[in-house]
Amino acid sequence: MKFKLTTVNDAHQPVIAKILKDLQQKKEKAVEIGNETLANDCWREAEALKLNIQYIKFFEKIKARKYRDAWQILERCEIKASFIEKNSSTEFFIKSRGVFIREKVCKWQSLFPYCMFFSPCFTVEYYTCSICGHKIRPRSRCSHVKGRIYNGDLCVHMAHGMSIKEVSLVSKPVQKYSVIHNDETLDFSLVDYLADLLENPFEDWDIVWTRMSFPIEMFSQLNPSAECPCKSGKNFEACCIKKQEVSIPHVDFVLSKKIPEGKAEIYFPY
Ligand SMILES: [Zn+2]
Ligand SMILES: [Zn+2]
């Protein structure tokens, strides 16, 4: 079945639910007749379609300035893309926009100002394999590999008897959804800037992180006890305040279309 999936509106077509339902039925039949290759193909098609829809939903959220929702969808895209990649040919992953989405997810994440997260630590009594139910112990494992698909189902290890041990604050979390910040206190101008420039989720774009130096006079309004613009983590007065120039992180947005007048200027946040 051919259909277009490029804009936010395309993601709301009723045909998509039908395609997903058909793939599910086709997969069940394939399992029944013992055709594992076909069952896995159905899983792959369905997951790639869901990944595209998820990325479009992210785009809708970011356009609507729903930063936290958008951030959480990005993480779901990241996880889904990694499972699809592990279980597909490179050709399929490129064709189904997996490579595009994986790359863009990582770049969007780098534009968000979130930097501190809660990280819960659990103790687990035991895990079981989602495919065969085997209780996994150090010397007793089944033949299924976590993250691989078998008969169109993803193998995961299910935790039993979980209890939370401690919660720590980290800057590089295993799971990115547990942001501790209050969005209202943060600067989302980089995310906003890009969201305004893009009309549809699959337009190509890139970012290049560099540094740019500005004369010290341009920072005369900055409170000496504020964080130094060079992002060293120190206070301005303990860092660059006596220098002639301050080198600050800078990002160039690269688009395949002309950047509108007024948007092409260098944004100086101080
Ligand atoms: Zn197993
Ligand atoms: Zn500095």
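Predicted model: local features only at pLDDT ≥ 70, side-chain atom pairs only at ≥ 80, totals over all residues.

Entry one, the nonpolar patch. I then asked which strands supply at least two residues each to the patch, and I noted strand E1 (117-123) and strand E7 (163-170). Of these, E7 gives the most, with three residues. I also looked up Phe122, which is found in strand E1, and I wrote down that Phe122 counts as partly exposed because its relative accessibility is 40%, which lies between the 20% limit for buried and the 50% limit for exposed.

Entry two, a pair of helices. I reminded myself that two packed helices are described by the angle between their axes and the distance between the axes. For helix H3 (residues 67-86) and helix H5 (residues 98-111) I noted an angle of about 145°, with the axes 9 Å apart, and I recorded the crossing of H3 and H5 as left-handed. Among the residues that meet there are Trp71, Leu74 and Cys77 in H3, and Ile101, Val105 and Trp108 in H5.

Arg97, although not a glycine, has a positive phi of about 70°, and I located Arg97 in the loop between helix H4 (90-95) and H5. With a relative accessible area of 22%, Arg97 is partly exposed. Lys231 also has a positive phi, near 65°, and I found Lys231 in the loop between strand E8 (205-215) and strand E9 (245-255).

Conventions
Residues numbered from 1 in each chain as written. Chains lettered and ligands numbered in written order. Heavy atoms only, no water. Helix = DSSP H or I, 4+ residues; strand = E, 2+ residues; numbered from the N terminus. Buried < 20%, exposed > 50% of the residue type's maximum accessible area, 1.4 Å probe, protein only. Axes fitted to C-alpha atoms, helices over the stretch in contact; angles between N-to-C directions. Left-handed = near helix turned anticlockwise from the far one by under 90°. Contact = heavy atoms within 4.5 Å.
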